[in-house]
Amino acid sequence: MTDTDMTSAEAGRQDDDVLVRVENVVKHFPIKQGIVFKSEVARVHAVDGVSLEVRRGETLGLVGETGCGKSTLARCITGLHPVTSGRITFDGQDITNLPRARMRPFRRDIQMIFQDPYGSLNPRRRVGSIIGDPFAIHGVADGAERKRKVQELMELVGLKPEHYNRFPAEFSGGQRQRIGVARALALRPKLIVCDEPVSALDVSIQAQIINLLEDLQDELGLTYVFIAHDLSVVRHVSDRVAVMYLGRIAEIAEGPDLYGSPRHPYTNALLSAGSIADPEVSAKRERIILVGDVPSPINPPKGCRFHPRCPKAEERCAEEEPALVPRLGDPAGHDAACHFPVEANEHLGHKLGAVEPSSEPTS
Amino acid sequence: MLRFIIRRLLLAVVVMWLVSTGTFLLFFIAPGNPAKTIAGPKAPPQTVEIVKHRLGLDDPVIVQYGHFLGRLLHGDLGYSFFSNASVGSILAGGLQATISLVLGASVLWLVVGVTVGVLSATRARGVMDRAATVFVLGGISMPTFVLGLTLSFIFFFKFEQWGLPYLQAGGPAPDITTDPAFWLNRMILPWITLATVQAATYSRLTRGSLLDVLGEDYIRTARSKGLTERRVIYRHGLRSALTPVLTQFGVDIGALLGGVVVTEQVFGLQGIGQLTLQASTNGDLPVIIGVVLLVAAIVTVANLIVDISYSFLDPRVRLS
Amino acid sequence: MSLTEIESGAVDAGLEPKQEIAGKSPWLLAMRRLRQDKASMISLAVIILLVLAALLAPLISKWTGHPFDIGDRRFGLDRDGLPYGPSGRHWFGTDSLGRDVFIRTLYGARVSLLVGVVATAIATVAGVIVGLLSGYYGGPIDTVLARFIDVVLSFPYLIFAIALVAILGPSLWVTILVIAFFNWAAMARIVRGQTLSLKEKEYVEAARSLGGSDGRIMFVEIMPNVLAPVIVLASLMIPIAIVFEATLSYVGLGIVPPTASWGNMLSDALRTYQVAWWTLVVPAGFLLITTVAFNLLGDGVRDALDPRTERIFAMKRKKDRKAVEKQEADARA
């Protein structure tokens, strides 16, 4: 099984169920230098060969640390960045690097919700006008009808329609995210890519927005790609979760499988870093502390990208890049890219030499 | 670093080339027949033809352009249509007056501007600040020639009328080497005229810049260390506050050559500005072109020096 | 309340015309701040007066019977050929050719205001467009345009202006275009800087993801955020343009007589100011007052549009309100 083919599980899936298919997408950003004419001296390997599918009606969670390429991947899917190589298919049609005019109709079906509630709305425009943008751009509704539709949308996301003429500065962070959601919903899209939609909000507001998104999904039959850096947030909303590291997918599985039996050492490390409310339980658990900094995406390590920081790394890991396939007898659909995946009762914490072992209560 | 300098040098060369080509093209659009003007209105057509040939005006455009560039690179700017002197010598003559004007005025405006700015910032909203604001407003609103005329009227004309010791605001050209006292007397009013507008701008710039800097945390640290207020302002604050002022100054030296025109005219100084005016009234194109190129060269060099010295001061510029 | 319920009309959507709340537009707030600034309001009044006077100049000329270009045959010059001072007949006296100075000053106001506003308008439009295009598209277009802007900005405008006018000949339109040519670069530089930083904002990305065209993004998303500094710069450019025109006319390369411009009136006054101070003082005074008024207004506009100064204005409003309350309390006591 080579890396360029889809995973065995996905190849068998019927196309009807799949809304978005990402095939071996690569996105590099060139770094240029020169006196008069700049030439490329290096590249940032933001996304370095990612293949996955998004099924109709599901929520696919996408997690990873800052700089792993998840935001870039999201923008490739929505067509905001042209891809360097690979293919993206939406609803059976190839939308890779389409010229702007041909991409336009797809923009009604693929929408995005942004992270920053303060930056994603134009401070000098009224919210009614902002939410009405999709109608204006695609010539769907005008004048009084547009206003009516906008006010309906505002009610749908929990805003008061009388605030139609207000400016974004007059709303709270949570309300602004609702405005962003309303804008995304205007043309009844099929897919909404949510790029860390709650990261900038207070924890109590986060819950409200997540609930709103879930309700809307049920009501309108939406498909979500939900990006976050916090596994616990993603756990609640997602059907399946993919973990990204340095431009590639490290592991992808159905929610319970990923949280129950994580195979990739990186996934394990992420899970162990999550906070647990109960201090006694928290003190007893095992902490996996990774050594070293994240290597820069300009010069990714050879072989498995995680090997410099991996507690289980061996020679093979530095030479051969592992394929994203089911390991250790996992069911189809639970894929991990690791030569030495973590087994059920394995304790990674002990294998770290220079690092503090887990803090067992000494009393 | 070196890359940066090379890039700037290349740019300077390109700009000079563009400006010279631009002025050459203007020379062509210019209406009027210079050959005829030189030969004299009564000259017969054959004489005009001969003059035309002598001046090289009947050659095809490309050839003339080639000659033009060639002569330029040798520093030859041609001859005036009106006097028989070479443009180069005419300009050299004018430079002396202009340089003494610009140098004296710049010293004056820097000193006054920065001082007023500092005083104004340190006693913000005090009497000094309010007075300075009025001064600034008047300074930037007042057209240079109005100020010059007014000063000349009061200190030259009226003072003489009233029998007071007056400042010579017109008359023979001053020369610092032969008669320094007269030179000073003659130049004071032009200096004040030229400097006022700039002083006003610089005082506003200094005030704003110093106020910004004094709000910074490291100044607060210096104060809390117990340093006297004077030390804090002059040793720590002023150093950073003056950087934008100095940059502006470097750029302004070149751009100032424009304001010089009016001052020279009002006070009868035969500098570059006056020459330009006279040449344009007379339609003396070679002199006009000569002035344009000279000024472009001065400005380009001034900018180059500022850019390069700035890159020494600010590492961010170097690495960009 | 779900959308399907609303659409099917099953539930009273509560969308009857409820009192719609108007938003606090940043422009309205700025206008309120501007109204508070006394200096700006006085300047505005002066400018409006001046504009009215300029517009009515031909009427006033007809009403007083003094044309601007022909000297008064009988009462223009005295026996020695010298102009008369201010009097009941000629409010600001006459000039070297016996023409009424007041009327000429009013006509001069027409020229100054016309050139000032039109040149600034042209420079603003050109500067905004170039700045937006250069900042938004970046790349080679931006490199070339940005360099061009730098070059135009650093060159001594007056010398080049003189050279240009010497070649093209002085006229009203040449004056306007020359002034606009040397001012657009300042506007373009500011707009370009703002555009460069604004185009990275998320709402621009959002607009693009919705399918917005480049033109729409530039003019609907970016430009409203650029308008504030543009307005400030434009209002400060007007007095610069006015002074520029006066200077050009003064040296004979702008508006030429008999058309009256404050600049050429001053140039004329050189011959007569020693015996007729009014020929110098009147046009100079008008020029100064106009420039100061525009500068003060420009400063006021800048402060009004800067949200940071809102705190100062708010404090002042509170102080005023407290003072009024105290007065009322004292009055009742």
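Reader: What pLDDT does chain C average?

Author: This is a predicted model, in which local features need pLDDT of at least 70, side-chain atom pairs count only at pLDDT 80 or more, and totals for chains, interfaces and linings use all residues. Residues are numbered from 1 along each chain as its sequence is written, chains are lettered from A and ligands numbered from 1 in the order in which they are written, and side-chain values use heavy atoms, leaving out hydrogens and water. pLDDT is the predictor's confidence in each residue, from 0 to 100. Chain C averages 81, with 89% of the residues scoring at least 70.

Reader: Where is confidence lowest and highest in chain C?

Author: Where pLDDT is low, the predicted coordinates should not be read in detail. In chain C the lowest mean, 41, belongs to helix α1 (residues 3–7), and the highest, 92, to helix α4 (residues 101–137). Helices are DSSP runs (H or I, at least four residues), numbered from the N terminus. Over residues 1–18 of chain C, pLDDT stays under 50.

Reader: At what angle do the axes of α5(B) and α12(B) cross?

Author: Two packed helices are described by the angle between their axes and the distance between the axes. Here the axes come within 7 Å and cross at roughly 135°. Ile90(B) and Leu91(B) of α5(B) are among the residues in contact (heavy atoms within 4.5 Å), as are Ile272(B) and Leu275(B) of α12(B).

Reader: Which helix of chain B has the highest confidence?

Author: α5(B), residues 87–122, at a mean of 82. The mean pLDDT of chain B is 75.

Note on methods
Helix = DSSP H or I, 4+ residues; strand = E, 2+ residues; numbered from the N terminus. Axes fitted to C-alpha atoms, helices over the stretch in contact; angles between N-to-C directions.
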